[in-house]
Amino acid sequence: MRGGSTSIRGCLLPTRPLPPFLRLEAANGWAASTRQTMARPSPGSLPPRIAEGARKHGATIHQNCAARGLDITNGQVSGVVTEKGLIRTSAVLCAAGAWASAFLRMHAVSLPQASVRQTTLRTAPAPDFGGAIYTSDGALTRRIDGSYTIAASGRATLEITPQGIRYVRPFLPMFIKRLKAVEIGIGRSFFEGPQTLGRWHLDRPTPFERIRVLDPAPDKRMIATIMTRIRALFPAIADAGIVSSWGGHIDFTPDAVPVISAVDSIGGVFVAAGCSGHGFGAGPGIGHLAADLVAGDAASVDPTPFRMSRFTDRSQIEVGAF
Ligand SMILES: Cc1cc2nc3c(=O)[nH]c(=O)nc-3n(C[C@H](O)[C@H](O)[C@H](O)COP(=O)(O)OP(=O)(O)OC[C@H]3O[C@@H](n4cnc5c(N)ncnc54)[C@H](O)[C@@H]3O)c2cc1C
């Protein structure tokens, strides 16, 4: 498909079964809802389960070990330089979330990517109003312990950053479409984090080591907004009270469709990033297609809408549903 509008949800349902460790409904981190119409993830317990499954398939996992950059020989990747040394390899998948564009920029690869800051909170266990509720005011997900995770629908903070300025043109259609949903500001993201345009040396600590976890402080005003909205909708849930809150960056591509693609300019390098707010749900499909590409297998879904070159080959970019 060239240039047409697409959406994450419609395109990432593999035609072949997922490998066993990605059949998430079977993992302990998920609980089937009472109506069996959806599964409810427990974000804290799911990644360890996936890691455990990956290990069984031969993966080795290195935590607290930032990838500083790529080792490239004659246009072909020959290794990854990490803070703990070089890992020799002929294939690399960059799945660095909101950091993907910054990581690739060091190797003259341009990935248009922007982030908005989002705040979410968790209540204490509350009366059951359903597993997943979405209204124009709020999105509520009931957790396994009966508490609710709540975010304000369509509200986020867009911080002006050097990377944002660099990619203002490809993001203009999305910006216009989502203008009412974002609050624009300037904050720390201008000076630190994935959206600055700084450079680093592979033999010295990098921004990935300075900010190991990209978790900005939750926005107190946003928490108050969420609670006002929820109190009007579900007073019993608001009455349960807030147990915790957290902030995060949601990374986007200009058309709100992930990039799952080879990097044309460096042999052996692939990208799976730009999940545009759906990476938790679409992650298994994204990972499956990325694995197909890296392994050179027949692709489980048509990879064309996810190719990186759509931003440079004069395709018409339309903002997908998200
Ligand atoms: C508040 C909030 C609510 C959300 N709600 C939903 C939802 O309801 N449903 C949904 O589907 N999605 C949701 N999302 C979006 C979802 O979390 C993301 O789309 C998803 O996490 C993106 O996955 P990823 O693997 O691309 O990136 P990440 O989850 O960010 O993973 C990338 C990882 O790479 C690491 N990394 C980066 N650079 C390096 C490096 N150089 N070396 C080593 N490691 C590196 C990072 O530390 C990180 O651990 C939400 C996001 C936020 C912030």
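Two residues are in contact if their C-beta atoms, placed from the backbone, lie within 7 Å. This is a predicted model, in which local features need pLDDT of at least 70, side-chain atom pairs count only at pLDDT 80 or more, and totals for chains, interfaces and linings use all residues. Residues are numbered from 1 along each chain as its sequence is written.

Let's start with the overall fold. The protein has 9 helices and 15 strands, which are DSSP runs numbered from the N terminus (helices: H or I, at least four residues; strands: E, at least two). Of its 322 residues, 30% are buried, meaning that 20 or more other C-beta atoms lie within 10 Å of the residue's own C-beta.

Now to helix 9. Spanning residues 279-295, helix 9 has a kink of about 35 degrees centred on glycine 285; the bend at a residue is the angle between axes fitted to the seven residues ending there and the seven starting there. Gly285 is among the buried residues of helix 9, as are Ile286, Leu289 and Leu293. After the helix comes glycine 296, with a positive phi near 75 degrees.

| Strand | Residues |
|---|---|
| strand 6 | 92-94 |
| strand 14 | 259-262 |
| strand 15 | 269-273 |

Beyond its neighbours within four places in sequence, isoleucine 260 contacts residues including Ile286, Leu289 and Phe306.

Terms used:
A residue is buried if 20 or more other C-beta atoms lie within 10 Å of its own, exposed if 12 or fewer, and partly exposed in between; C-beta atoms are placed from the backbone.
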